[in-house]
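Colleague: I am new to this one. Can you walk me through how to read it?

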Amino acid sequence: NKSKRKDFHSFRHTIGHWCDQIGAVAEKPAARYLGHSTGGITYGTYSKDTAPHILYEQITMPFTEYVRPLLDIEGLKQSKWAGGGFPKDA
């Protein structure tokens, strides 16, 4: 009996499906965003991890704009790390 609860893999499935459906995200950054290795010698052996700012620009930011009208996120608490800076006491 499978649970109907949503978990982290639900999020990964949603992001992976979205990246595939919009057709604007290449497989390498999508795989690395989802925590998967990339095959082949070119990217699997000779390439380092994709820089976080590239993943943010290609996936996080557009996905956030896509889901914003679909989700009620106004009640969520903002992280102390949001806003691009570190807290003064860090």
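**Reading the model**

Modeller: Start with the surface. The chain has an accessible surface of about 7900 Å², and carbon and sulfur atoms make up 55% of that. Keep in mind that this is a predicted model.

Colleague: What is the mean pLDDT of the chain?

Modeller: The mean is 78, and 80% of the residues reach 70 or more. Helix α4 has the highest confidence, with a mean of 89. Confidence is lowest in helix α3, residues 41-44, where the mean is 77.

Colleague: How many helices and strands does the chain have?

Modeller: There are 4 helices and 0 strands. Along the sequence the pattern reads α-α-α-α.

Colleague: What share of the residues counts as buried?

Modeller: Of 90 residues, 19% are buried. Now look at contacts with a separation of 6 or more: 39% of them join residues 24 or more positions apart.

Colleague: Which residues form the salt bridge?

Modeller: First, the general idea. Side chains of opposite charge can pair when their charged atoms come close. Here, R68 pairs with E65, and their closest N and O atoms are 3.1 Å apart. The structure holds 1 salt bridge.

Colleague: Are R68 and E65 buried, exposed or in between?

Modeller: Partly exposed. R68 has a relative accessible area of 41%, and E65 has 47%.

Colleague: Which residues form the nonpolar patch on the surface?

Modeller: Y66, L70 and L71 do, with about 340 Å² of accessible area together. To place L71, look in the segment after α4, which covers 52-67.

How values were computed
Residues are numbered from 1 along each chain as its sequence is written. Side-chain values use heavy atoms; hydrogens and water are left out. Patches are made of residues with over 30% relative accessible area and no salt bridge: like charges are joined within 9 Å, nonpolar side chains (Val, Leu, Ile, Met, Phe, Trp, Tyr) within 5 Å. Accessible areas come from the Shrake-Rupley method with a 1.4 Å probe; for residues, only the protein chains shown count as cover. A salt bridge is a side-chain nitrogen of Lys or Arg within 4 Å of a carboxyl oxygen of Asp or Glu. Helices (H or I, at least four residues) and strands (E, at least two) are DSSP runs, numbered from the N terminus. pLDDT is the predictor's confidence in each residue, from 0 to 100. Buried means under 20% relative accessible area, exposed over 50%, partly exposed in between (1.4 Å probe, protein chains only). Contact means heavy atoms within 4.5 Å.
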